[in-house]
Amino acid sequence: MTGGAPGGLPRISVDGGDVELRYMEPGDADAVLAFARSVPKHDLMFLQTDITTVEGVNGWVDDVLLGLAAVILATRAGEIIGFGAVARHEAIWMRHIADLHVVVGTSWRGHGLGHRLASEGLTLARGLGVRRATTQMTLDQIAAMRTFRALAFVPVAVLHDQVSDTNGETYDLLLMHRDLDPGDGGGDEGDAAAS
Ligand SMILES: CC(C)(COP(=O)(O)OP(=O)(O)OC[C@H]1O[C@@H](n2cnc3c(N)ncnc32)[C@H](O)[C@@H]1OP(=O)(O)O)[C@@H](O)C(=O)NCCC(=O)NCCS
């Protein structure tokens, strides 16, 4: 999935500073682990893989190498400050669907980076030819809902008590999706540049 990305990724400006968007490579594993560990665990509960563990990040790297996933990293002065992940379903009967996830470092939120990463992820998903993009978040992630609503995702289901923290407390997960018209090259994906 890494090599097949449509077009290059832009350099953008976030809160007045240069931010580079680039695809994750195997050599980024340690930096991704450090970034994941810097984010509240609650903010990662929608992921299928626990990327705060070495095994989890290595699994992600394997998925990237196998072409099952692509991860767009946002870096500032070489440090990861956010990512957007696109994972395609492996099963042949779900190959038309890609799952999108976005996480921004806590001190970088509210400057448009989340929207930008989600847009780039959506553009990537469209370039892969999938017909539907899905995402999930716990019901308290208001910024996440707004990010995906702005990209025309709609809520489709609430999965009751779907995720659980280390204390055993459970949370509902909101499933959102957006159908992608293969002929639609336009849309709003690139509009809301980070500022
Ligand atoms: C969701 C997330 C990626 C957004 O990143 P961000 O860089 O802060 O997002 P942006 O600045 O681009 O803002 C995107 C939207 O969220 C809104 N938003 C940002 N911070 C907010 C906050 N604290 N409270 C409510 N809304 C907020 C913005 O107003 C914007 O909505 P709008 O387009 O309707 O104005 C970030 O909050 C995050 O990492 N959350 C934890 C992980 C998560 O839940 N990810 C989503 C699951 S896929």
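Strand 5 (97-104), helix 3 (113-127), strand 6 (132-138) and helix 4 (142-149) each contribute at least two residues to the shell around the ligand. Helices (H or I, at least four residues) and strands (E, at least two) are DSSP runs, numbered from the N terminus. This is a predicted model, in which local features need pLDDT of at least 70, side-chain atom pairs count only at pLDDT 80 or more, and totals for chains, interfaces and linings use all residues. Residue numbers start from 1 along each chain as its sequence is written.

**Exercise 1.** Determine which element gives the most to the shell around the ligand, and describe the residues of the shell.

*Solution.* 
1. A residue is near a molecule or strand if its C-beta atom, placed from the backbone, lies within 6 Å of it.
2. Helix 4 gives the most, with five residues.
3. Of the 22 residues around the ligand, those that come nearest are Arg109, Gly114, His115, Ala144 and Arg146.
4. The shell comprises ten nonpolar, nine polar and three charged residues. Here Ala, Val, Leu, Ile, Met, Phe, Trp, Tyr, Cys and Pro count as nonpolar, Asp, Glu, Lys and Arg as charged, and the others, Gly among them, as polar.

**Exercise 2.** Characterise the packing of helix 3 and helix 4.

*Solution.* 
1. Two packed helices are described by the angle between their axes and the distance between the axes.
2. For helix 3 and helix 4 the angle is about 45 degrees, and the axes are 9 Å apart. Axes are lines fitted to C-alpha atoms, for helices over the stretch in contact, and angles run from 0 to 180 degrees between N-to-C directions.
3. Helix 3 is therefore oblique to helix 4; angles under 35 degrees count as roughly parallel, over 145 as roughly antiparallel, 65 to 115 as roughly perpendicular and the rest as oblique.
4. The contact (C-beta atoms, placed from the backbone, within 7 Å) is made by Gly114, His115 and Ala118 of helix 3 and by Ala143, Thr147 and Phe148 of helix 4.
5. The residues of this contact divide into three nonpolar, three polar and no charged.

**Exercise 3.** Describe the open sheet and locate its edge strands.

*Solution.* 
1. The sheet has eight strands in the order 1-2-3-4-5-6-8-7, with mixed pairing; two strands pair if DSSP finds at least two bridges between them.
2. Strand 1 (11-14) and strand 7 (154-164) are the edge strands, each pairing on one side only.
3. Strand 4 (residues 79-88) pairs with strand 5 in the antiparallel sense over seven bridges, and Phe83 stands opposite Val103 in strand 5.

Note on methods
Two residues are in contact if their C-beta atoms, placed from the backbone, lie within 7 Å.
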